[in-house]
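Notebook open, model on screen. I'm jotting things down in the order I looked them up.

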Amino acid sequence: MDGPRPRLLVVDPAAVDRDGGAAAIREAAAIIRRGGLVAFPTETVYGLGADALDADAVRRIFAAKGRPSFNPVIAHVADADAARALAAAWPDAAERLAQAFWPGPLTLVLPKRGHVPDALTAGLPAVALRVPAHPVALALVRAAGVPVAAPSANRYTELSPTTAAHVVRGLGAGTSGVPVDLVLDGGPTAVGIESTVVDLTGVARGDGPPRLLRPGTLDAARLGAVLGTPVAAADAPRGDAPRLAPGMVERHYAPRAAVWAFDADARAPAAARLAAWRAGRPAGRAGALLLAPWGETLGGVPDAVEVLPADPAGYARRLYAALHAMDEAECEVVLVERPPDGPEWAGVRDRLMRAAR
């Protein structure tokens with residue numbers, strides 16, 4: 001049975017320390033402290049937050065999302081000192097990356113202290129930590145006085161939300177039976193895809209390099225320049241094996257529509273594939289995410305088209321919102337023109353690859 005939609009409070013990110021903004025943050029923090037769930041904006045995507053040190057509250061996140069227990073959750077903290085309080089080791093590499101990129105869209109995976117619950121970490125001895133850059137997220141974490149566990153505020157494997165409206169549509173009247181107590185609406189997110197995740201457990205033990213677990217808008221070259229050493233690529237586990245970090249399952253970040261990715265120099269074959277699909281489904285709706293207008297001479301013109309920015313940051317900012325728009329347009333198929341194959345595009349290409357599986 002569908003549950004009631006959560007209450008929504010609009011919070012001006014520039015006014016979280018005064019007037020109604022502060023009151024909304026205090027209310028949300030109180031919900032977190034008593035074990036409830038609050039959806040809130042970060043600079044990356046909207047998160048579904050709970051007290052990271054309350055195992056029962058963390059399990060409520062998993063139940064609300066339909067998320068399997070092998071997929072861990074990031075703990076959002078107020079600063080590097082709060083991160084050190086959860087990490088059993090803090091190597092120089094962690095200090096360098098924290099100083100360079102926190103607050104910001106970077107998650108560090110480090111050995112965890114004993115009081116960090118296994119529910120947060122998929123039973124593994126490492127915890128994922130991040131200091132968010134969004135004013136609402138930081139204010140909430142500080143007011144709650146506890147680390148806030150927060151995966152993206154959507155059903156498992158579905159599109160991450162970049163607006164409060166996406167959260168309400170995705171979770172607000174879901175079938176899980178676990179209500180979201182409050183949604184803080186801080187406007188559209190600025191980064192648009194999830195944080196870069198770097199594993200430093202091998203560095204902390206002294207037996208391995210830093211490893212990139214999930215690409216984001218911070219690419220491996222920038223991370224390596226700060227560390228003075230390359231960041232190695234990590235292979236994701238298969239099946240139900242526990243992951244060190246979120247975003248490592250094969251299919252993820254996916255719209256309801258089927259995603260057909262094609263290279264920029266293969267528009268004609270993509271148009272032919274679309275035309276063949278339409279022949280079998282004349283009433284079916286198709287959309288397209290492109291880097292340039294489609295061009296009617298190709299034939300098979302999509303019903304809904306989003307032309308995304310040709311720069312990596314702009315594309316990332318718009319990606320999920322554009323895919324949400326395709327779902328809202330009831331598209332059954334979405335053609336996606338792949339962006340360039342450069343390191344600065346790795347995060348976007350990762351999301352598209354997982355959406356298309």
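I started at tryptophan 294, which is buried at a relative accessible area of 6%. My cut-offs, with a 1.4 Å probe and protein chains only: buried is under 20% relative accessible area, exposed is over 50%, and partly exposed is in between.

Before going on, a note on the source: this is a predicted model, where local features need pLDDT of at least 70 and side-chain atom pairs count only at pLDDT 80 or more, while totals for chains, interfaces and linings use all residues. Residues are numbered from 1 along each chain as its sequence is written, and side-chain values use heavy atoms, with hydrogens and water left out.

**Aromatic pairs**

How many aromatic pairs does a search of the whole structure find? I got four. Rings of Phe, Tyr and Trp (its six-membered ring) pair if their centres lie within 6.5 Å; planes under 30 degrees apart are stacked, over 60 edge-to-face, the rest tilted.

One of the pairs is phenylalanine 262 with tryptophan 294, edge-to-face at 6.4 Å centre to centre and 90° between the planes. Phenylalanine 262 sits in strand β12 (residues 258-262) and tryptophan 294 in the loop between β13 (286-290) and β14 (304-307), so this pair ties together parts 32 residues apart in sequence. Elements here are DSSP runs numbered from the N terminus: helices are H or I with at least four residues, strands E with at least two. Phenylalanine 262 counts as buried at 6% relative accessibility.

Next I looked at tyrosine 315 and tryptophan 345: the ring centres are 5.5 Å apart and the planes at 80°, so this pair is edge-to-face. It links distant parts of the chain, with tyrosine 315 in helix α11 and tryptophan 345 in the loop between β15 (333-337) and α12, 30 residues apart. Tyrosine 315 and tryptophan 345 are both buried.

**Charges over rings**

I count a charge over a ring if NZ of Lys or CZ of Arg is within 6 Å of the ring centre and within 35 degrees of the ring normal. Arginine 273 lies over the face of tryptophan 260, 3.8 Å from the ring centre. Arginine 67 lies over the face of phenylalanine 62 at 5.8 Å.

**Pockets and the cavity**

I used a 1 Å grid over the protein atoms alone: a cavity is a set of points where a 1.4 Å probe fits but cannot get out, a pocket is an open set with protein on both sides within 12 Å along at least five of seven lines, and lining residues have an atom within 4 Å of a point. Grid points are joined across faces, edges and corners, and a volume is the space filled by probe spheres set on the points.

The largest pocket holds about 270 Å³. Its lining has 15 residues, with Glu158, Gly170, Arg256, His324 and Asp327 nearest the centre. α7 (164-172) and α11 (312-328) are the elements that give two or more residues to this lining.

The second largest pocket holds about 220 Å³. Of its 16 lining residues, Leu212, Leu213, Pro215, Ala233 and Ala346 are closest to the centre. α12 gives the most to this lining, with three residues.

I found one cavity of 30 Å³ or more. The largest cavity has a volume of about 200 Å³. Among its 20 lining residues, Ala150, Pro151, Ser152, Glu194 and Arg214 lie nearest the centre.
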